[in-house]
Amino acid sequence: MQQTLDALMLRWGIEAGWQATLFYATGMLVAALVVLMLWVAPLAGFTSFFERRIAARMQSRVGPNRVGPNGVLQWVADGLKCLLKEDLIPRDADPFLFKIAPYLVFMGMFGTFAVLPFSEKLVVADLNVGVFYLVAITAFIAVGIIMAGWASNNKWALLGGMRSANQIVSYEIPSALALLAVVLTSGTMSTQGIIRQQGWMPWDWNLFRTPFLFLAFFIYFIAALAEANRTPFDLPEGESELVAGYNTEYSGMRFALFFLAEWAELYVISAVATLAFLGGWQVPSFVPGAAQPVAQVLCFVAKSFFWMFVIIWIRWTLPRVRIDQMMELCWKYLVPLGFVVLMGTAVWETFVPVRGPVVLALRIALFGVALAVVVRFMLRVRYNLRQAGARVHLNPIV
Amino acid sequence: MIADYVQNIRRGATTIFEGMAVTFSHMLRAPITTQYPDRTLRPMSDLLPERFRGLLWVDLDICIGCVLCEKFCPIDCIKIEDVKIDKILVESRLDGKPTPKVRDPILFDINMYKCMYCGLCVEPCPTGAIFFTKEFEGASPDLTDMHLRLVDDQRREQVLAASAEAERKAQAAKAAKAKKGAVEATDTVEPTDSAEATGDA
């Protein structure tokens with residue numbers, strides 16, 4: 001993006017100074033709008049449909065299938081409905097905070113898209129503090145959620161907001177520790193730099209690079225789930241206890257913004273997992289040069305969508321944890337393990353060579369372990385299907 | 001202590017693994033819900049249970065006009081007016097036994113918007129003329145649509161005509177009896193008896 005802007009400035013003869021700053025600002029705003037309209041909003045909307053359909057299938061239902069072919073336009077209808085709803089602000093609410101809270105949540109989510117790459121060239125800004133920026137900007141979500149809870153002047157909302165704050169502050173530590181282990185291994189904080197360090201073969205991924213990073217992936221994933229308020233850590237929303245948590249009092253487009261942020265956050269988690277652990281956009285070198293950019297985008301998006309699917313799948317598998325269990329998991333399990341991972345990675349990086357047959361064998365062995373888990377999983381699924389005497393029905397169009 | 005800690009992690013991981021295998025296997029199965037109304041594989045009436053309480057309906061041919069349903073209805077949503085007709089035998093829907101019918105409704109209204117589907121009208125009906133159908137799609141833009149008028153004008157005319165006919169015949173019979181009684185002057189009980197029997201049945 002920066003290179004493109006530089007090239008344009010050169011062509012149009014814009015000199016350094018305030019014109020250049022203005023040009024950069026305008027260019028970035030336009031880019032942000034393009035990303036928002038062409039990628040984030042449709043993605044969040046589509047994810048809502050995707051999640052509802054998967055949830056339905058996991059519960060032996062059909063799911064939304066009325067709007068558009070097989071219901072794929074359901075999210076457009078939902079969005080339009082939210083736009084047309086009355087925009088209510090409770091009488092005793094703090095109107096200013098109440099109004100800006102959804103935008104802060106949205107900003108925290110949308111800000112991350114600045115450093116999420118799609119391919120080798122396609123990234124808004126390849127910051128040299130990318131991972132740090134990612135961790136920092138998502139903190140806006142916590143601020144927005146507390147603000148929403150506080151400004152609503154509603155007990156449920158306040159409880160939800162406080163729980164969310166407590167959760168995000170706690171889980172930011174293990175997730176940052178896990179990402180820090182990746183940074184230690186890669187020697188860079190730039191998201192593109194981290195991806196360039198990896199290869200397209202599964203055992204070239206950070207996930208299988210060292211046993212510690214293998215563990216770090218799970219720590220990151222669990223912590224990210226908690227940070228995004230996803231089940232089993234959806235205590236801030238907790239519909240069975242808190243009505244809807246921090247967004248109880250919200251209606252119309254402000255409510256939609258919260259949900260846009262929540263579903264886009266799914267992609268953010270998945271994309272960070274993909275870039276930090278799963279080789280990002282790395283595609284095999286035998287892909288012809290012209291097809292490379294397309295293949296890279298497809299590869300990155302496919303990996304991200306897989307992890308989005310896993311998050312949705314977890315949501316429809318696990319019940320919500322109790323608040324003390326949630327804290328216990330964080331402080332007694334994830335944080336100590338996070339430190340073990342960080343120290344282990346540091347020691348590993350110091351004493352173990354980066355390349356060599358032994359290291360390669362170890363990586364392939366780790367990959368084998370993961371593969372064995374997947375095979376075992378498939379066997380269990382087959383066992384469950386046979387046990388129920390059910391026939392496999394793969395057709396998503398019912 | 002450490003053993004417990006490791007055991008907890010192991011148990012957490014394996015149980016989540018098993019749970020996810022279960023939900024994934026469910027994702028591979030066909031949905032068991034039926035998509036009402038346009039993608040049902042069989043007509044809805046086949047899918048509903050035997051004793052489903054849908055809209056009420058009355059088989060007027062076997063209704064004997066006893067107005068038991070009207071009396072039993074706790075919210076008075078049934079309204080019946082009936083007239084006397086010639087005695088005929090109708091077959092009960094319940095057991096197929098012939099039942100005498102001497103009254104026929106000229107007005108049988110059921111206000112289905114008031115009806116609470118309690119079934120108290122269905123139970124006392126001696127011939128099973130009033131019964132629950134498996135129709136349940138009562139939604140309509142007009143409130144009067146669900147005010148069922150089971151006797152239409154044509155039928156009303158027919159019944160009234162039949163009633164007038166029966167009345168005329170009864171009058172004629174009575175007159176004949178009276179004439180006969182006047183002639184013989186011995187058996188005076190019989191005509192009243194027969195008239196009463198007709199009225200009671």
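Buried means under 20% relative accessible area, exposed over 50%, and partly exposed in between, with a 1.4 Å probe and protein chains only. The model is predicted, so local features need pLDDT of at least 70 and side-chain atom pairs count only at pLDDT 80 or more, while totals for chains, interfaces and linings use all residues. Residues are numbered from 1 along each chain as its sequence is written, chains are lettered from A and ligands numbered from 1 in the order in which they are written, and side-chain values use heavy atoms, with hydrogens and water left out.

Figure 1. B:Cys69 is buried, its relative accessible area being 9%. The cysteine sulfur closest to that of B:Cys69 belongs to B:Cys66, and because the two sulfurs are 6.2 Å apart, they are too far from each other for a bond. A disulfide is a pair of cysteine sulfur atoms within 2.5 Å. By this rule, zero disulfides are counted over all chains. In chain A, A:Cys82 is likewise buried, with a relative accessible area of 15%.

**Figure 2. The interface of chain A and chain B.** Contact means heavy atoms within 4.5 Å, and 33 residues of chain A are in contact with 26 residues of chain B. The size of an interface is often given as the accessible area lost when the parts come together. Here the buried area, which is the accessible area (1.4 Å probe) that two parts lose on being put together, summed over both, is about 2700 Å². Carbon and sulfur atoms give 64% of that area.

Figure 3. Nine residue pairs, with both residues at pLDDT 80 or more, are in polar contact across the interface of chain A and chain B. Helices H2 (18-58), H12 (292-315), H13 (323-351) and H14 (357-388) of chain A are the elements that give two or more residues to the side of chain A that touches chain B; helices here are DSSP runs (H or I, at least four residues), as strands are (E, at least two), numbered from the N terminus. H14(A) gives the most, with eight residues. That side of chain A divides into 21 nonpolar, five polar and seven charged residues, where Ala, Val, Leu, Ile, Met, Phe, Trp, Tyr, Cys and Pro count as nonpolar, Asp, Glu, Lys and Arg as charged, and the others, Gly among them, as polar. A salt bridge is a side-chain nitrogen of Lys or Arg within 4 Å of a carboxyl oxygen of Asp or Glu, and the rule finds one across this interface. A:Arg380 forms a salt bridge with B:Glu18, with 2.8 Å between the closest N and O atoms.

**Figure 4. A:Ser60 at chain B.** A:Ser60 is found in the loop between H2 and helix H3 (74-84) of chain A. With a relative accessibility of 12%, A:Ser60 counts as buried. Apart from neighbours within four places in sequence, A:Ser60 is in contact with B:His26, B:Pro31, B:Ile32 and B:Thr33.

**Figure 5. Salt bridges within the chains.** Over all chains, the whole structure holds 18 salt bridges. One of them joins the side chains of A:Asp87 and A:Arg254 at 2.7 Å, N to O. This pair links distant parts of the chain, 167 residues apart: A:Asp87 is in the loop between H3 and helix H4 (95-111) of chain A, and A:Arg254 is in helix H11 (residues 252-277) of chain A. A:Asp87 is partly exposed at 41% relative accessibility, whereas A:Arg254 is buried at 10%. In chain B, the side chains of B:Lys101 and B:Asp104 meet in a salt bridge (3.2 Å, N to O); B:Lys101 is buried at 2%, and B:Asp104 is buried at 8%. A network of salt bridges links A:Glu51, A:Arg230, A:Glu262 and A:Arg315.

**Figure 6. A:Val297 and A:Phe118.** A:Val297 lies in helix H12 of chain A, and A:Phe118 is in the loop between H4 and helix H5 (130-137) of chain A. Their C-alpha atoms are separated by 5.1 Å, although the residues are 179 apart along the chain. A:Val297 is partly exposed at 26% relative accessibility, while A:Phe118 is buried at 12%. Beyond neighbours within four places in sequence, the contacts of A:Phe118 include A:Trp39, A:Tyr267 and A:Trp281.

Definitions and conventions:
Polar contact = N/O pair within 3.5 Å; in protein donor to acceptor, adjacent residues only side chain to side chain.
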